[in-house]
Amino acid sequence: MIKVVITGAAGRMGSRLVSLVKDSAFLTLAGAVEGKGHHAVGEDSGEVAGCGRTGVPIVDDLSSLMERGEVVVDFTTPAATLGHLKIVAQHRRGIVVGTTGFSSSELDELRSVSKQIPCVFSPNMSVGVNVIYKVIAEMAKTLGEDYDIEVIEAHHRLKKDAPSGTALKMAEVLARAVNRDLGQVGVYARKGLIGERKRGEIGIQTIRAGDIVGDHTVMFGTMGERIELTHRASSRDTFARGALRAARWVVKQPPGLYDMLDVLSLK
């Protein structure tokens, strides 16, 4: 049984992770963490998650759990994740990071710290989405310059960052596949008299509404036809199960930065 510590344990993703670990035949819950001052600190993690008592209270100090945990699963905020990474590195444990919304400088810091420990970092832990990353790269290469590329994402009204980390990853994969610099060709909004679509641009559009768990569509369009590839997540368990699959994998790896394509042997 691999001993897992979950950070952000009272959040939407953290609660599902607690529930799934509680029912797992391969993993056991070694600890649960929330931020200092969070109302759930001191409560039983399973009761907060709605899955029944686990006997594991939510605490506000990750360091206090590192001796009993083998791997940390982190879905929090960029600032919190970077703090957790440093603690994990001090104790030479593994970590799975599903946090999104990092700035360029924060990503640089994540990459630097992850040289010391095995770290799986992916904006989307869904197995299906990670297969799509592979597929859209091949599609973009094959279809060529005559096909316009758009990425459309939709999430619930409470999501704080936009575009989603998954949409940005898709756009990066597509840009790399057709030898373009996303920083130069990415278009994140259109309004007014903007003129014709510029050749080579990649559109990334955002929708926020209701309780949408996560929808992502990649569109390839040319004169006379359009191809759309869509992934729809109907439950956060999709991401949670992928993250726990990554946790089982990463504890066996040497230090380094990995993603779900490594976990799934798709590279």
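User: Which residues in H3 meet residues in H4?
Analyst: This is a predicted model, in which local features need pLDDT of at least 70 and side-chain atom pairs count only at pLDDT 80 or more, while totals for chains, interfaces and linings use all residues. Residues are numbered from 1 along each chain as its sequence is written, and side-chain values use heavy atoms, with hydrogens and water left out. On the H3 side, Pro-78, Leu-82, Leu-85, Lys-86 and Ala-89 meet Glu-106, Glu-109, Leu-110 and Val-113 of H4; contact means heavy atoms within 4.5 Å. By class, this contact has six nonpolar, no polar and three charged residues. Nonpolar covers Ala, Val, Leu, Ile, Met, Phe, Trp, Tyr, Cys and Pro, charged covers Asp, Glu, Lys and Arg, and the others, Gly among them, are polar.

User: Why is S7 called largely enclosed?
Analyst: In S7 (residues 148-155), six of the eight residues are buried, so the strand is largely enclosed by the rest of the structure. Buried means under 20% relative accessible area, exposed over 50% and partly exposed in between (1.4 Å probe, protein chains only).

User: How do you know that S7 pairs with S9, and in which sense?
Analyst: S7 and S9 (residues 202-208) are joined in the parallel sense over seven bridges, and two strands pair if DSSP finds at least two bridges between them. Glu-153, for instance, stands opposite Thr-206 in S9. S7 is also joined to S10 (residues 214-222) by seven bridges, in the antiparallel sense, where Phe-220 is the bridge partner of Ile-149.

User: What makes S8 and S11 edge strands?
Analyst: The open sheet has five strands in the order S8-S9-S7-S10-S11, with mixed pairing. S8 (186-187) and S11 (225-233) each pair on one side only. For S11, that partner is S10, to which nine antiparallel bridges join it; Ile-227 is the bridge partner of Phe-220 there.

User: Why does Gly-42 count as exposed?
Analyst: Gly-42 has 56% relative accessibility and therefore counts as exposed. This glycine lies in the loop between S2 (27-33) and H2 (45-49). Beyond its neighbours within four places in sequence, Gly-42 is in contact with Pro-57 and Ile-58. Ile-58 is 16 residues away in sequence and 5.3 Å away, C-alpha to C-alpha.

User: What is the phi of Arg-92, and why does this residue count as exposed?
Analyst: The phi of Arg-92 is positive, about 55 degrees, although the residue is not a glycine. Arg-92 sits in the loop between H3 and S5 (94-97), and its 55% relative accessibility makes it exposed. Asn-179, in the loop between H6 and H7 (182-185), has a positive phi near 55 degrees and is exposed at 75%.

Terms used:
Helix = DSSP H or I, 4+ residues; strand = E, 2+ residues; numbered from the N terminus.
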